[in-house]
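Work through the exercises below with the sequence and the coordinates side by side, and try each task before reading its solution.

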Number of protein chains: 2
Amino acid sequence: MNEFALIDTFFKCIPHDRDDVIFGVGDDAACLEIPQGMQLLVSCDTLVADIHFLPSWDAYDIACKAVMVNLSDMAAMAASPCWLTLALTLPEFNADWLQRFSQGLYDSLRPYHVALVGGDMTRGPLSMTLTIHGLVPSGKAVRRGGAKPGDRIFVSGDLGAAALAVAFLNQQELDGNDRAELMQKLLHPKPRIDLNPYLQAFASAAIDISDGLSADLHHLCLSSNAGACITLDAIPVHPLVKKYQHEAIAFALRGGDDYELCFTVPAQQEKKLLTALALAGISCYPIGVIEAEPGLRGKDASGAIVPLSTQGYSHF
Amino acid sequence: MNEFALIDTFFKCIPHDRDDVIFGVGDDAACLEIPQGMQLLVSCDTLVADIHFLPSWDAYDIACKAVMVNLSDMAAMAASPCWLTLALTLPEFNADWLQRFSQGLYDSLRPYHVALVGGDMTRGPLSMTLTIHGLVPSGKAVRRGGAKPGDRIFVSGDLGAAALAVAFLNQQELDGNDRAELMQKLLHPKPRIDLNPYLQAFASAAIDISDGLSADLHHLCLSSNAGACITLDAIPVHPLVKKYQHEAIAFALRGGDDYELCFTVPAQQEKKLLTALALAGISCYPIGVIEAEPGLRGKDASGAIVPLSTQGYSHF
């Protein structure tokens with residue numbers, strides 16, 4: 001089967017129910033309609049075998065993970081994801097693998113009404129690059145660089161579970177239910193698209209937590225020409241991290257792959273945000289405050305201020 | 001140096017002079033403004049080491065080739081290229097390589113006023129996925145599926161030189177000037193963006209010739225539910241293909257990587273097209289006609305009709 005037949009068989013069948021796709025897979029490019037008053041957001045992420053996932057994983061899970069990582073970039077900007085392109089590099093033709101991968105794409109894109117509109121298929125070492133396109137009302141994209149001293153820092157959910165899953169990939173000391181819960185967190189992170197309206201209304205800056213809270217908050221601070229102080233006990237640590245890690249807070253600070261959001265809100269907006277979130281039944285956690293002084297600091301249980309490492313995962 | 005510093009050093013410096021880039025590299029996504037009355041075209045292409053290029057090539061040439069291949073997809077749709085994202089996977093950090101690659105990006109994007117607006121950088125086997133975004137007046141994108149029986153088939157320039165360059169990569173029997181000319185065709189194809197207004201005005205269908213004229217015309221015919229008959233002597237064969245290949249026409253028919261365009265024009269528009277092209281000093285070559293009968297046929301010098309193979313390069 002050549003790559004054109006592969007695309008027809010496994011990817012053209014991923015349907016879309018979007019009127020704004022004038023045409024998708026099957027031409028030299030997809031054609032899309034942008035409504036007036038909206039701006040286009042574009043982001044791409046590559047997942048490489050043995051770096052971002054294990055080739056032994058179910059292709060269904062690999063597809064889900066790849067989609068969710070990309071959707072999370074839209075969530076970080078408070079944008080609605082709309083259209084995806086997929087560039088897939090495969091070492092060999094494997095119909096079962098492609099069938100599982102295609103099903104994972106379908107199941108992970110459908111709840112978000114995201115259409116697969118194009119892509120490329122090449123032979124080579126297993127990897128994939130997804131480019132996600134989203135829309136936001138003009139001027140409403142939330143960036144990394146808008147935080148001001150005094151702004152409150154929030155995270156959108158429990159941290160550390162995905163990193164714990166990675167740490168325990170080859171270890172057997174784990175209760176089966178715990179392993180299943182951790183792998184779910186690693187393989188099927190939930191992009192926080194549900195926070196879009198609250199970020200658009202209240203946030204001064206936002207980033208998704210892919211490299212670890214300390215590393216990603218540091219990126220946000222650098223872009224904002226500011227620093228931050230975190231109340232260490234306020235960090236929402238996943239219960240299994242507390243169960244299995246002595247240094248649970250430090251682990252949660254450094255652990256990547258959670259794809260929760262870290263965002264900042266001007267102090268005078270904090271109450272309105274919390275009221276709006278409570279009405280929606282969504283929990284976010286205030287963990288600290290933006291400061292003028294560069295760098296990251298932590299306040300421990302005794303009230304002492306300690307400097308925090310800002311190092312996250314680096315490829316090079 | 002981590003990937004964030006790499007991006008700052010080698011890619012953030014690629015400037016753009018586009019008002020429609022609200023913000024580019026440095027956030028979780030780029031933010032772009034689409035003018036009213038325009039539609040967005042999106043296409044991505046992956047280039048894998050040892051498949052699409054040799055790792056020994058100058059990184060400058062690799063970058064140029066990657067850009068041109070992507071721009072060609074916009075030319076095939078009659079769209080103006082605007083914004084690019086780059087996902088680069090590198091086996092190791094190599095400052096010289098990145099400097100050359102970055103320079104190649106800069107030099108190949110600038111003449112087309114295309115902005116590098118985002119990307120990703122990961123460690124792994126050398127490959128890159130570029131996603132190009134372009135604009136076209138609403139309804140003016142030229143697709144593969146619009147050709148009708150009776151339409152005239154054109155190609156936009158000489159064919160076969162890039163494939164000859166590939167065939168001769170490891171052979172020494174080539175005059176140095178010829179080798180340089182062929183490598184120029186392979187490494188620095190010129191995307192036919194200059195044909196945009198003529199395609200928008202006159203073309204019923206178009207495709208870029210990446211897999212070879214016969215394979216790509218076949219794609220166009222399949223999308224158009226039609227077939228084609230080509231006058232074999234009318235195919236514009238590159239002079240060096242005639243010099244080095246006995247079966248020059250067959251070679252030019254099968255040879256990929258030229259990135260000229262193949263397009264169709266209703267018969268009653270042919271004269272207007274040729275007049276407009278002549279005024280602009282652009283040569284395109286009528287090579288045949290779309291027919292209702294599926295498949296590709298060639299008319300040889302004696303007037304005999306022979307079936308043509310439609311097979312092009314396939315990864316699988």
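Predicted model: local features only at pLDDT ≥ 70, side-chain atom pairs only at ≥ 80, totals over all residues.

**Exercise 1: the fold of chain A**

In chain A, residues 24 or more positions apart account for 85% of the contacts with a separation of 6 or more.

Solution. Begin with the secondary structure, where chain A has ten helices and 13 strands. Finally, consider burial: 53% of the 316 residues of chain A count as buried, where a buried residue has 20 or more other C-beta atoms within 10 Å of its own.

**Exercise 2: the contact between the chains**

Determine how many residues the contact takes from chain A and from chain B, and which strands pair across it.

Solution. Count the residues to begin with: the contact takes 57 residues from chain A and 57 residues from chain B. On the side of chain B that touches chain A, strand β3 (residues 38-48) of chain B gives the most, with nine residues. Sorted by class, this side of chain B has 27 nonpolar, 19 polar and eleven charged residues. Then look for pairing between the chains, where strand β3 (residues 38-48) of chain A runs antiparallel to strand β2 (residues 30-32) of chain B, joined by three bridges.

Definitions and conventions:
Residues numbered from 1 in each chain as written. Chains lettered and ligands numbered in written order. Contact = placed C-beta atoms within 7 Å. Helix = DSSP H or I, 4+ residues; strand = E, 2+ residues; numbered from the N terminus. Nonpolar A, V, L, I, M, F, W, Y, C, P; charged D, E, K, R; others polar. Pairing = 2+ DSSP bridges. Buried ≥ 20, exposed ≤ 12 C-beta atoms within 10 Å, placed from the backbone.
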